[in-house]
Amino acid sequence: MTQTDPKLILITLLIELGVAAAVSTSLARAKTFKELLFTPRRSRRQTAALVAMICVPLTLGVWVRVLVPNFLAADISYETTILLGILVGPLAAMAGGAALALPAVLHHEYLALPVNLLVAAGAGAFRRFANAEDVWSFS
C-alpha cells in the first residue's frame with residue numbers, strides 16, 4: 001500500500017468542494033429547479049425531473065473521473081446520493097445513484113452500483129424519520 005501525500009488529499013478535497021459549489025450555484029439559479037425543490041408534494045414526473053437536473057451534470061463528473069485516472073475530485077456521487085435520499089426519498093435516490101454509478105460500472109468498477117444503492121436506501125429511510133425542518137436547517 002502506498003502512502004498518499006497529505007497535500008494531494010487537501011487539493012483533491014478543495015477541488016471536490018469547487019465542483020459541488022459550481023454545480024449547486026448553477027442549479028440554484030434555475031427557476032425550474034427552485035420550484036421543484038421547494039414543492040412540498042411532488043408528482044413522480046416532478047421528482048424524476050429534479051433527480052435528472054441534479055444527476056446529469058454530476059454523472060459527467062463521474063465520467064471525467066473514469067477517463068482521467070489521476071483526477072478523483074470530479075466524482076461526488078457518494079455525497080450526491082446521500083442528499084438525493086434525504087431530499088426525494090429512497091426509490092428516486094436509488095435511480096439517481098444508479099445513474100451516477102453507470103460510468104463507473106462501465107469502467108469495471110462494479111461495487112459503485114451496490115454502494116450507491118445501499119447509501120440511497122439508507123438516506124431515504126432516514127428521510128422518513130427526520131422532520132423536514134431539521135433537514136432544511138442542516139443542509
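This is a predicted model: local features need pLDDT of at least 70, side-chain atom pairs count only at pLDDT 80 or more; totals for chains, interfaces and linings use all residues.

Me: OK, secondary structure. How many helices and strands?
Reply: Seven helices and zero strands. Reading along the sequence you get α-α-α-α-α-α-α.

Me: Where is confidence lowest, and where is it highest?
Reply: Helix 7, residues 132–138, is lowest with a mean of 75, while helix 5, residues 90–106, is highest at 94. The protein as a whole averages a pLDDT of 88, and 94% of the residues score at least 70.

Me: Let's switch to electrostatics. How many salt bridges does a search of the whole structure find?
Reply: Two. They link Arg65, Asp75 and Glu109 in a network.

Me: Which residue does Asp75 form a salt bridge with, and how far apart are the closest N and O atoms?
Reply: Asp75 pairs with Arg65, and the closest N and O atoms are 2.8 Å apart. Asp75 is in the loop between helix 3 (44–67) and helix 4 (77–88) and Arg65 is in helix 3, so the pair ties together parts 10 residues apart in sequence.

Me: Is Arg65 buried or exposed?
Reply: Buried, with a relative accessible area of 13%. Asp75 counts as buried too, at 16%, because the cut-off for buried is under 20%.

Me: Then what about the bridge between Arg65 and Glu109: how far apart are the closest N and O atoms?
Reply: 2.9 Å. Arg65 sits in helix 3 and Glu109 in the loop between helix 5 and helix 6 (112–129), so this pair ties together parts 44 residues apart in sequence. Glu109 is partly exposed, with a relative accessible area of 26%.

Me: Back to the whole protein. What share of the 139 residues is buried?
Reply: Buried residues make up 32%.

Me: And of the contacts between residues at least 6 apart in sequence, what share joins residues at least 24 apart?
Reply: That's 63%.

Me: Last one: what does the accessible surface come to, and how much of it belongs to carbon and sulfur atoms?
Reply: About 9,300 Å², with 69% belonging to carbon and sulfur.

Terms used:
Residues are numbered from 1 along each chain as its sequence is written. Side-chain values use heavy atoms; hydrogens and water are left out. pLDDT is the predictor's confidence in each residue, from 0 to 100. Helices (H or I, at least four residues) and strands (E, at least two) are DSSP runs, numbered from the N terminus. A salt bridge is a side-chain nitrogen of Lys or Arg within 4 Å of a carboxyl oxygen of Asp or Glu. Buried means under 20% relative accessible area, exposed over 50%, partly exposed in between (1.4 Å probe, protein chains only). Contact means heavy atoms within 4.5 Å. Accessible areas come from the Shrake-Rupley method with a 1.4 Å probe; for residues, only the protein chains shown count as cover.
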